[in-house]
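Welcome, and take a moment to get your bearings.

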Amino acid sequence: VLGWTGAQAQDAALYDPAPPPNSSFVRIIDARGQGNMQATIGSVSVSVPETGVSPYVVVPAGDQDVTLSSDAGKVT
């Protein structure tokens with residue numbers, strides 16, 4: 001049991017910390033097909049690469065302000 005506990009403790013550095021409770025995972029998909037876009041969701045800045053799909057980001061659940069290049073709005 002002691003060997004297993006020690007190995008498990010070393011795994012903690014392999015993973016990102018868990019997101020806060022009531023969080024949402026969000027990604028931006030550029031339907032224009034151009035990529036290279038900047039977006040802001042709440043206070044989180046998101047870069048959309050040339051592929052047109054951003055990585056997931058964690059934001060608080062609920063209404064969030066969204067800004068995309070020249071447009072702005074609110075999403076839930």
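Predicted model: local features only at pLDDT ≥ 70, side-chain atom pairs only at ≥ 80, totals over all residues.

Strands S5 and S6 form a hairpin with two residues between them, and Ser-69 in that turn has a positive phi of about 35°. Residues are numbered from 1 along each chain as its sequence is written, and side-chain values use heavy atoms, leaving out hydrogens and water.

Five bridges join S5 to S6, and the two run antiparallel; strands count as paired if DSSP finds at least two bridges between them. One of the residues to look for is Gln-64, which lies in strand S5 (residues 64-68) and has Val-75 in S6 as its bridge partner. Is Gln-64 buried or exposed? With a relative accessible area of 13%, Gln-64 is buried, because buried means under 20%, exposed means over 50%, and partly exposed lies in between (1.4 Å probe, protein chains only). Leaving aside residues up to four places away in sequence, Gln-64 touches Ile-41, Gly-42, Gly-73, Lys-74 and Val-75, where a contact means heavy atoms within 4.5 Å.

Now widen the view to the sheet. Four strands make up an open sheet in the order S3-S2-S5-S6, with antiparallel pairing. At its edges are strand S3 (44-48) and strand S6 (71-75), each pairing on one side only. From one strand to the next, the twist averages 20°, taken from axes that are lines fitted to C-alpha atoms, with angles running from 0 to 180 degrees between N-to-C directions. Strand S2 (residues 37-41) is joined to S3 by five bridges, and Met-37 stands opposite Val-48 in S3. Towards S5, S2 has three bridges, again antiparallel, and Ala-39 has Leu-68 in S5 as its bridge partner. In a regular strand, side chains alternate between the two faces of the sheet.

Next, follow the chain as a whole. Asn-22 is a residue other than glycine with a positive phi, near 60°, and it is exposed, with a relative accessible area of 66%.

Val-58 is found in strand S4 (residues 57-60) and counts as partly exposed at 34% relative accessibility. Accessible areas come from the Shrake-Rupley method with a 1.4 Å probe, and for residues only the protein chains shown count as cover.

Finally, here are some values for the entire chain. It exposes about 5,800 Å², of which carbon and sulfur atoms supply 57%. Buried residues make up 18% of its 76 residues. Among contacts between residues at least 6 apart in sequence, 43% join residues at least 24 apart.
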